[in-house]
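This report describes the structure shown below.

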Amino acid sequence: MESRLVLYGASGHCKVIIDIIESLLLKVDLIIDDNRNVDLLCGRSVVSTKEATLSKNDSLIISIGNNSARKNIAKGLDSNFLSVVHARAIVSKNIEFGLGNVVMPLATINSGAKIGSHCIINTNSIVEHDCIIGDFVHISPRASLAGNVQVGEGTQIGIGAVVIQNIKIGKWAMIGAGSIIISDVPDYAVVVGNPGRIIKYNNND
Ligand SMILES: CC(=O)SCCNC(=O)CCNC(=O)[C@H](O)C(C)(C)COP(=O)(O)OP(=O)(O)OC[C@H]1O[C@@H](n2cnc3c(N)ncnc32)[C@H](O)[C@@H]1OP(=O)(O)O
């Protein structure tokens, strides 16, 4: 059976992944989503998981922005996950890079970085040298991580946030839009402002 490129989740995030795939001169073969309110995305048909029989030969990206949702879907699938990097992203050859990741246009990942699986490195974000990024992390547009920052599983670094060098951010934390992080952040913390302060904790992943 021939190999198809499959996107799971007909979201706004999915639209940007389609652009990434086209930037690589590849094509999307199938979009699946069980939300039957969406049957067309960027002119393409969207089918349910019941209608789509996935094969072991398919390459799949979970095209959903929510980190927990991506994790839940990934847990239930025994698929061949594909990572894609926009043709206009800048990614060092000297990095470790997992499966199911998407790297958006103008993002930069510098030498020595380790990126887990099912991560989103969004538009114009910066992941500096030697950063360690866990699975299901989202580095939002224009967020910047200085050198040697660690980000735990499932954490989102909000749009335009800045993290100085050598900081450790725990798992399933949320760094608010535009925040400036100058000290370590515990697991599940929601942090906002300059300098970042904890306003609450997420109660689960
Ligand atoms: C392509 C894409 O679209 S990618 C998506 C990118 N999106 C983002 O990065 C979103 C980031 N999200 C945020 O910044 C959110 O405001 C969150 C998650 C930090 C907080 O959201 P909520 O839990 O709904 O908190 P809520 O809005 O109730 O705010 C709580 C308090 O924190 C303050 N606050 C919230 N966000 C911020 C922020 N980014 N910076 C400073 N203060 C903030 C609020 O003013 C409020 O203060 P108050 O209690 O004194 O009134």
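## Annotated N-terminal domain

UniProt, in an unreviewed entry, places the feature "domain: PglD N-terminal" at residues 4–75; UniProt positions follow the numbering used here, feature names are shortened, and annotations may be inferred rather than shown by experiment. The model is predicted, so local features need pLDDT of at least 70 and side-chain atom pairs count only at pLDDT 80 or more, while totals for chains, interfaces and linings use all residues. Residues are numbered from 1 along each chain as its sequence is written, and side-chain values use heavy atoms, with hydrogens and water left out.

Helices (H or I, at least four residues) and strands (E, at least two) are DSSP runs, numbered from the N terminus. Within this part of the chain, S63 occupies the loop between β5 (59–62) and α2 (67–75). S63 is buried, with 0% relative accessibility; buried means under 20% relative accessible area, exposed over 50%, and partly exposed in between (1.4 Å probe, protein chains only). A polar atom of the S63 side chain lies 2.6 Å from the backbone oxygen of G9. Such a polar contact is a pair of N or O atoms within 3.5 Å; within protein, one must be able to donate a hydrogen and the other to accept it, and residues adjacent in sequence count only if both atoms are side-chain atoms.

## Parallel sheets

An open sheet of 6 strands has the order β8-β11-β14-β17-β20-β23, with parallel pairing. Its edges are β8 (90–91) and β23 (180–181); each has a single partner strand, so one side of each is left without a neighbour in the sheet. Two strands pair if DSSP finds at least two bridges between them. Inside this sheet, β14 (residues 126–127) and β17 (residues 144–145) run parallel and are joined by 2 bridges, with V127 having L145 of β17 as its bridge partner.

A second open sheet has 5 strands in the order β9-β12-β15-β18-β21, again with parallel pairing. Here β9 (96–97) and β21 (168–169) are the edge strands, each pairing on one side only. Strand β9 pairs with β12 (residues 114–115) in the parallel sense over 2 bridges, and F97 stands opposite I115.

Strand β24 (residues 189–192) pairs in the parallel sense with β22 (residues 174–175) over 2 bridges, where V191 stands opposite I175. The pairing of β24 with β25 (residues 197–201) is antiparallel and comprises 4 bridges; in this pairing V191 stands opposite I198.

Strands β24 and β25 form a hairpin with 4 residues between them, and G193 in the turn has a positive phi of about 95 degrees. The loop between β24 and β25 also holds P195, and the peptide bond from N194 to P195 is cis, with omega near -5 degrees. Most residues other than glycine have a negative phi, and most peptide bonds are trans.

## Ligand surroundings

The ligand is surrounded by 13 residues, of which G158, I159, G176, A177 and K200 are the closest; a residue is near a molecule if one of its heavy atoms lies within 4 Å of it. Oxygen atoms of the ligand lie 2.7 Å from a backbone N or O atom of I159, 2.8 Å from a polar backbone atom of A177 and 2.5 Å from an N or O atom in the side chain of K200. The protein covers 41% of the 980 Å² of accessible area that the ligand has on its own, by the Shrake-Rupley method with a 1.4 Å probe.

G158 is in the loop between β19 (156–157) and β20 (162–163) and is buried, at 2% relative accessibility. The C-alpha atoms of G158 and E51 are separated by 35 Å, the two residues being 107 apart along the chain.

An unreviewed UniProt entry gives H129 the annotation "active site". H129 lies in the loop between β14 and β15 (132–133) and is partly exposed, with a relative accessible area of 38%.

N124, in the loop between β13 (120–121) and β14, has a positive phi near 65 degrees although it is not glycine. N124 is partly exposed, with a relative accessible area of 30%. N148 also has a positive phi, about 65 degrees, and is not a glycine; N148 is located in the loop between β17 and β18 (150–151) and is partly exposed at 34% relative accessibility.
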